[in-house]
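My notes follow in the order in which I looked things up.

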Amino acid sequence: MSSLMEKGFRQWKEQCLNKLDLSKKGQVDEDIAHVVTLLNSCEQYFTTSSCSGRIILTDGAQKHGCVWLFVSHQQCKSEDLVSAVARSSGDAVLKFEPFVLHVQCRRLEDAQLTHSVAINSGFRNSGLTVSKTGKIITAVRSTHGLEVPLSHQGKLLVEQEYICFLTHIANKKMEENLRRIHRFYQNLQSALDTDKLPAEPQTHHHSQETKNQTSVYKRRRKREQQPGTDCCHGEGSSIEPELNDCLDLFT
């Protein structure tokens with residue numbers, strides 16, 4: 001890695017960690033504070049956005065034009081949701097949104113490590129992007145979400161019993177979400193510790209395997225310079241604008 005790229009990464013990290021948290025909560029969620037602290041303590045990583053997972057009830061058709069009737073980053077009670085949906089004047093939707101984490105990485109090899117850890121921890125919708133400005137981001141995500149409409153134009157569409165059932169489902173998903181976060185943290189610790197160990201001598205077979213793997217990444221990086229092959233990959237506004245033009249390496 002060139003000294004210029006190294007300097008650029010350090011500057012990005014310093015700027016990101018020193019800027020204000022513009023999320024609604026204004027701080028890192030308690031259940032993932034240890035994960036964020038671990039990554040930010042490593043010279044090759046820093047986190048750009050995160051959410052530990054949440055149960056949310058929105059009122060409105062669009063994400064940015066809706067009202068939040070209820071939100072919790074922990075398990076919830078059905079009576080809280082029943083009370084919240086009663087305040088709906090539009091289209092209320094109950095959602096469970098699982099853990100999401102975006103990590104900027106110093107090198108492609110560093111991103112491969114976090115991506116592998118994420119996949120092996122159950123976050124199988126994780127991906128990796130490289131922007132035109134050289135920013136390498138690992139997105140840790142899973143697919144065990146939930147989205148159910150409860151009302152339309154202020155009129156409740158379901159019985160209270162069904163809301164109780166959905167509460168149970170959402171709480172089960174939150175339990176599994178926290179288990180995966182714990183697994184990710186443990187696997188990440190192990191991977192980082194192993195990564196610090198001296199490399200063992202490789203056999204000819206392993207060397208050829210590494211060569212083949214590297215050539216795949218070179219071909220993928222080469223596509224970044226070709227016109228008309230850019231794609232957008234990420235979680236909307238939770239990723240920096242530079243990722244609007246990016247190369248999707250993993251899906």
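I began with Gln-153, which is exposed at a relative accessible area of 63%. Exposed means over 50% relative accessible area, buried under 20%, and partly exposed in between, with a 1.4 Å probe and protein chains only. Gln-153 sits in the loop between β9 (151–152) and β10. I noted its phi: positive, about 55 degrees, although Gln-153 is not a glycine.

I then wrote down the ground rules. This is a predicted model, where local features need pLDDT of at least 70, side-chain atom pairs count only at pLDDT 80 or more, and totals for chains, interfaces and linings use all residues. Residues are numbered from 1 along each chain as its sequence is written, and side-chain values use heavy atoms, without hydrogens and water.

**Whole chain**

I counted six helices and eleven strands. Helices (H or I, at least four residues) and strands (E, at least two) are DSSP runs, numbered from the N terminus. Of the 251 residues, 44% are buried. The chain exposes about 14,500 Å², and carbon and sulfur atoms supply 49% of that area. These areas come from the Shrake-Rupley method with a 1.4 Å probe; for residues, only the protein chains shown count as cover.

**Strand β2**

How many residues of β2 are buried? Six of the six are, so β2 is largely enclosed by the rest of the structure. I checked both sides: Arg-54, Ile-56 and Thr-58 point one way, while Ile-55, Leu-57 and Asp-59 point the other. β2 pairs with β4 in the antiparallel sense over six bridges; pairing takes at least two bridges found by DSSP. Ile-55 has Phe-96 of β4 as its bridge partner. Five bridges join β2 to β3, also running antiparallel. There I found Leu-57 opposite Phe-70.

Leu-69 lies in strand β3 (residues 67–72). Leu-69 is buried, at a relative accessible area of 10%. Leaving aside neighbours within four places in sequence, its contacts (heavy atoms within 4.5 Å) include Leu-57, Ala-84, Val-85 and Arg-87. Arg-87 is 18 residues away in sequence, yet 7.4 Å away in space, C-alpha to C-alpha.

**Cores**

I looked up the nonpolar cores next: sets of buried Ala, Val, Leu, Ile, Met, Phe, Trp, Tyr and Cys residues joined through side-chain atoms within 4.5 Å. The largest has 27 residues, and Tyr-45, Leu-101, Phe-184 and Leu-188 have the most contacts inside it. Which element gives the most to this core? It is α5, with six residues. A second, separate core of 19 residues includes Cys-76, Leu-81, Phe-96 and Leu-146.

**Cysteines**

I searched for disulfides, meaning cysteine sulfur atoms within 2.5 Å of each other. The structure holds zero. Cys-42 is buried at 12% relative accessibility, and Cys-76 is buried at 9%.
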